[in-house]
Amino acid sequence: MADRNVTVRSENTPSGVEEVSRPERYSRPPVDIFETEDSLTLVADLPGVEKDRLDIHLEKGILTISGRVMPTQGPEVLAREFSLIDYYRQFQVPSEIDADRVSADFKNGVLTLSMPKSEAAKPRRIEIRH
């Protein structure tokens, strides 16, 4: 990330924030986070999740992503080396994010969250009058 003291934290839920109930067994989706002067962009891989089974919440500075995988119907499984399970992940987002302008795009199992920074948080150049 850039050197503007903007951080995104995951792992532990900060004190004072109630943790959302989650499935007993879940996977942490891999994410990439990019920062520009204007925004943060989070890209998460959620294979096997349909749009209507994806929940995204931003409350009290905590971004929660959870996705439920549809059980597959088909022939009896004789051997399995890979299975999809539900996804769950939380991040603490900076207070500079303008929560009212956060937008999400979900296509082919890839979630892209655009989190614009508030105008007050953006760097600006100050002109000298005299």
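1. Terms for the strands. Two strands pair if DSSP finds at least two bridges between them. Strands (E, at least two residues) are DSSP runs, numbered from the N terminus. With that in hand, Ile33 has Leu42 in β3 as its bridge partner.

2. Basis. This is a predicted model, in which local features need pLDDT of at least 70, side-chain atom pairs count only at pLDDT 80 or more, and totals for chains, interfaces and linings use all residues. Residues are numbered from 1 along each chain as its sequence is written, and side-chain values use heavy atoms, with hydrogens and water left out.

3. Confidence. pLDDT is the predictor's confidence in each residue, from 0 to 100. The protein averages 81. A score of at least 70 is reached by 79% of the residues. Residues 1-23 stay under 50. For that stretch the model has 42 contacts (heavy atoms within 4.5 Å) beyond four places in sequence. Where pLDDT is low, the predicted coordinates should not be read in detail.

4. The sheet. Four strands form an open sheet in the order β2-β3-β8-β7, with antiparallel pairing. β2 (31-35) and β7 (103-107) are the edge strands, each pairing on one side only. From one strand to the next, the twist averages 15°. Here axes are lines fitted to C-alpha atoms, and angles run from 0 to 180 degrees between N-to-C directions. Strands of a sheet pair through backbone hydrogen bonds, either parallel or antiparallel.

5. The β2-β3 hairpin. Three residues lie between β2 and β3 in this hairpin. β3 covers residues 39-45 and pairs with β2 over five antiparallel bridges. Glu35 has Leu40 in β3 as its bridge partner.

6. The β8 pairings. β3 and β8 are antiparallel and share seven bridges. Lys107 stands opposite Val110 in β8.

7. The largest pocket. On a 1 Å grid over the protein atoms alone, a pocket is an open set of points where a 1.4 Å probe fits, with protein on both sides within 12 Å along at least five of seven lines. The largest one holds about 230 Å³ of space, a volume being the space filled by probe spheres set on the points. Its lining has 14 residues (an atom within 4 Å of a point), and Met70, Pro71, Thr72, Arg80 and Leu84 lie nearest the centre. By class, the lining has seven nonpolar, five polar and two charged residues. Ala, Val, Leu, Ile, Met, Phe, Trp, Tyr, Cys and Pro count as nonpolar, Asp, Glu, Lys and Arg as charged, and the others, Gly among them, as polar.
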